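Q: Take the terms used for this model one at a time, and set each against its definition.

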Amino acid sequence: MKTRITELFGIQHPVIQGGMHWVGFAEMAAAVSNAGGLGIITALTQPTPEDLAKEIAKCNEMTDKPFGVNLTFLPGFKEPPYPEYIEAIIGGGVTIVETAGRSPEKYLPALKEGGIKVIHKCTSVRHSLKAERIGCDAVSVDGFECGGHPGEDDIPNYVLLPRAAEEIKIPFVASGGVGTASQLAAALALGADGVNMGTRFIATKEAPVHQNVKDALVKASELDTTLIMRSLRNTERVMKNAAVDTILEVEREKGSDLNIMDIVEQVGGVYPKIMQEGDMDAGAWSTGMVCGLIHDIPTCKELVERMVTGAEEIIQSRLEAMVS
Ligand SMILES: Cc1cc2nc3c(=O)[nH]c(=O)nc-3n(C[C@H](O)[C@H](O)[C@H](O)COP(=O)(O)O)c2cc1C
């Protein structure tokens, strides 16, 4: 498949692996890039810019294909040293950055001077238009189904993607809820130039997470995610578990008076316990509704090839037959 996204990033298949906290290590990014997609290392999982530089060097050893780095600008307890992380990215020879959270405007000059192509993740058409206006090269349009932070508009991709196609001129990929060949074909039909996946890539052989996490995704249905932190305007879609039950109870009690400190035990620093130790009730972890479509744990190559081949088959046989 040749789309504006495969051309922009120099990749074989229009499939991107979105940045994921405590999942987006070199092993994950290299496996996706070696499969012909675009793998992405998550910068802020690395405690310091020096650690990110080492992770990038490791990934460079594991693949000769392009890979990117995710820089997330979320409300945090302490602002990370973004300029130094950007230096590590540029110094490591990476040429693609996925930004997310707040607008990347402040850091775009530094990224652009370093020869970086920027794809910004947006949950609305207005944020996508702003990303286009400030000079991003592409956007990832993240629908309400997505794992992680879907924003506050609650527009699912069946409406969000064609709305984006009406207004955005730069290339965009469909993000959120994607995991199958038919969804790749549908995303292209709706105007996207490819797809971005998070949750689906966690249930792969190479994903550097505990087997319990992969098994939980295979076991879960599309009914097993829920939204937390709505009243903080930091909504996150997560897998339902004991910790999330506690969060929802506290949220019901506190209502609009909720403070992040009320749930810090369930959301702060819990990822290593879940992703590495496999303690599935240790806290809230981002999961998309697509878990209902995850039934196996393939290699990244098997997954990407299955999606691309299947989408081609749908376009060339099923859809073609309907119009001929
Ligand atoms: C476990 C997990 C952690 C994530 N961490 C981040 C992150 O640190 N930064 C970010 O921009 N997006 C993060 N995301 C969002 C993904 O990059 C991607 O946009 C999202 O997963 C797409 O929706 P899907 O899960 O339905 O495919 C995370 C998603 C998951 C599932």
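A: Two strands pair if DSSP finds at least two bridges between them. Helices (H or I, at least four residues) and strands (E, at least two) are DSSP runs, numbered from the N terminus. This is a predicted model, in which local features need pLDDT of at least 70 and side-chain atom pairs count only at pLDDT 80 or more, while totals for chains, interfaces and linings use all residues. Residues are numbered from 1 along each chain as its sequence is written.

Q: What makes strand β4 and strand β5 a pair?
A: Strand β4 (residues 96–101) and strand β5 (residues 117–122) share four bridges in the parallel sense. The definition asks for at least two bridges, so the two strands pair. Isoleucine 96 has lysine 117 of β5 opposite.

Q: Why are β1 and β2 called edge strands?
A: The open sheet has eight strands in the order β1-β8-β7-β6-β5-β4-β3-β2, with parallel pairing. β1 (15–17) and β2 (39–42) each pair on one side only, and are the edge strands. From one strand to the next the twist averages 30°.

Q: How do you know at what angle helix α2 and helix α3 cross?
A: Axes are lines fitted to C-alpha atoms, for helices over the stretch in contact, and angles run from 0 to 180 degrees between N-to-C directions. The axes of α2 (residues 26–34) and α3 (residues 49–62) come within 9 Å and cross at roughly 35°.

Q: What is the hand of the crossing of α2 and α3?
A: A crossing is left-handed if the near helix is turned anticlockwise from the far one by less than a right angle, and right-handed if clockwise. The crossing of α2 and α3 is right-handed.

Q: Which residues of α2 and α3 meet?
A: Contact requires C-beta atoms, placed from the backbone, within 7 Å. Ala26, Ala29 and Ala30 of α2 meet Glu55, Lys58, Cys59 and Met62 of α3. Ala, Val, Leu, Ile, Met, Phe, Trp, Tyr, Cys and Pro count as nonpolar, Asp, Glu, Lys and Arg as charged, and the others, Gly among them, as polar. The contact of α2 with α3 therefore divides into five nonpolar, no polar and two charged residues.

Q: Where do helix α6 and helix α7 touch?
A: The axes of α6 (residues 125–134) and α7 (residues 157–167) come within 10 Å and cross at roughly 35°. This crossing of α6 and α7 is right-handed. Val125, Ser128 and Leu129 of α6 make the contact with Arg163, Ala164 and Glu167 of α7. Three of these residues are nonpolar, one is polar and two are charged.

Note on methods: Contact = placed C-beta atoms within 7 Å.
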